Amino acid sequence: MDPSGPGPSSVMGAAGGGEAPAVAPPRPAQLSRYESQKRRDWNTFLQYLRNHRPPLTLARCSGAHVIEFLRYLDQFGKTKVHAAGCAYYGQPAPPGPCPCPLRQAWGSLDALIGRLRAAYEESGGTPESNPFAARAVRIYLREVRDSQAKARGIPYEKKKRKRAQQQQAAAAADPASTSSSAAAAGGSGTSGRAAAAAAASAAQAGGSSAAPSTT
């Protein structure tokens with residue numbers, strides 16, 4: 001053996017191509033937009049409970065506290081809600097400014113409660129004790145929806161009515177598909193009745209031929 005030859009470590013390094021490259025740790029799965037917003041909303045609510053006077057724990061939180069939280073958020077709202085005495089009350093596009101306050105839009109509050117309701121149960125709460133699903137909260141959201149609809153002149157049932165009108169328009173524009181569907185249904189019924197009548201006639205014929213002769 002040649003003492004001047006490469007040592008064992010150099011041979012293994014050459015055979016193995018040097019040190020193995022470091023494996024990067026897997027990246028954590030990126031949260032969806034909904035999950036990120038839900039986490040922010042949940043942290044905001046927990047911070048609100050800590051700053052509450054007197055401080056509140058999640059276990060003692062009720063529907064009344066949730067409504068109080070929603071009213072607290074109104075100071076950060078961006079939706080103009082006209083008062084009953086405002087000249088622009090009920091107008092969807094007022095021509096000028098007015099001193100009416102800004103509020104959280106009903107749609108934003110409704111979506112917020114949905115996210116908090118899910119976050120509460122994901123954090124170990126039970127559906128029965130979920131304060132965000134309380135009846136008082138549902139009533140409050142309904143009242144906000146109705147009052148804002150009147151104040152802003154925007155009916156929130158417009159989307160449902162529009163969807164029904166689109167379905168009626170599609171049926172009127174393509175009556176052939178409707179009539180063909182009806183004809184197919186009627187045809188299948190007619191063919192079924194004809195097949196049944198033919199089977200009955202065949203049974204009667206077979207029965208008369210099988211009967212013994214009386215002559």
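Predicted model: local features only at pLDDT ≥ 70, side-chain atom pairs only at ≥ 80, totals over all residues.

Biologist: With which residue does Glu122 form a salt bridge?

Modeller: In general, side chains of opposite charge can pair when their charged atoms come close. Here the partner of Glu122 is Lys38, and their closest N and O atoms are 2.6 Å apart. Glu122 belongs to helix α4 (residues 106–122) and Lys38 to helix α2, so the pair ties together parts that are 84 residues apart in sequence.

Biologist: Is Lys38 buried or exposed?

Modeller: Lys38 counts as buried, because its relative accessibility is 3% and the limit for that class is under 20%.

Biologist: What is the distance between the closest N and O atoms of Lys38 and Glu35?

Modeller: That distance is 3.1 Å, and the two residues form a salt bridge. Both lie in helix α2 (residues 33–51), three residues apart, which means that about one helical turn separates them. Glu35 is partly exposed, at 29% relative accessible area.

Biologist: How many salt bridges does a search of the whole structure find?

Modeller: The search finds four. One of them joins Arg145 to Asp146, with 3.2 Å between the closest N and O atoms. Both residues are partly exposed: Arg145 has a relative accessibility of 24%, and Asp146 has a relative accessible area of 35%.

Biologist: Which residues are joined into one network?

Modeller: Glu35, Lys38 and Glu122 are joined in this way, through salt bridges that share partners.

Definitions and conventions. Residues numbered from 1 in each chain as written. Heavy atoms only, no water. Salt bridge = Lys/Arg side-chain N within 4 Å of Asp/Glu carboxyl O. Helix = DSSP H or I, 4+ residues; strand = E, 2+ residues; numbered from the N terminus. Buried < 20%, exposed > 50% of the residue type's maximum accessible area, 1.4 Å probe, protein only.
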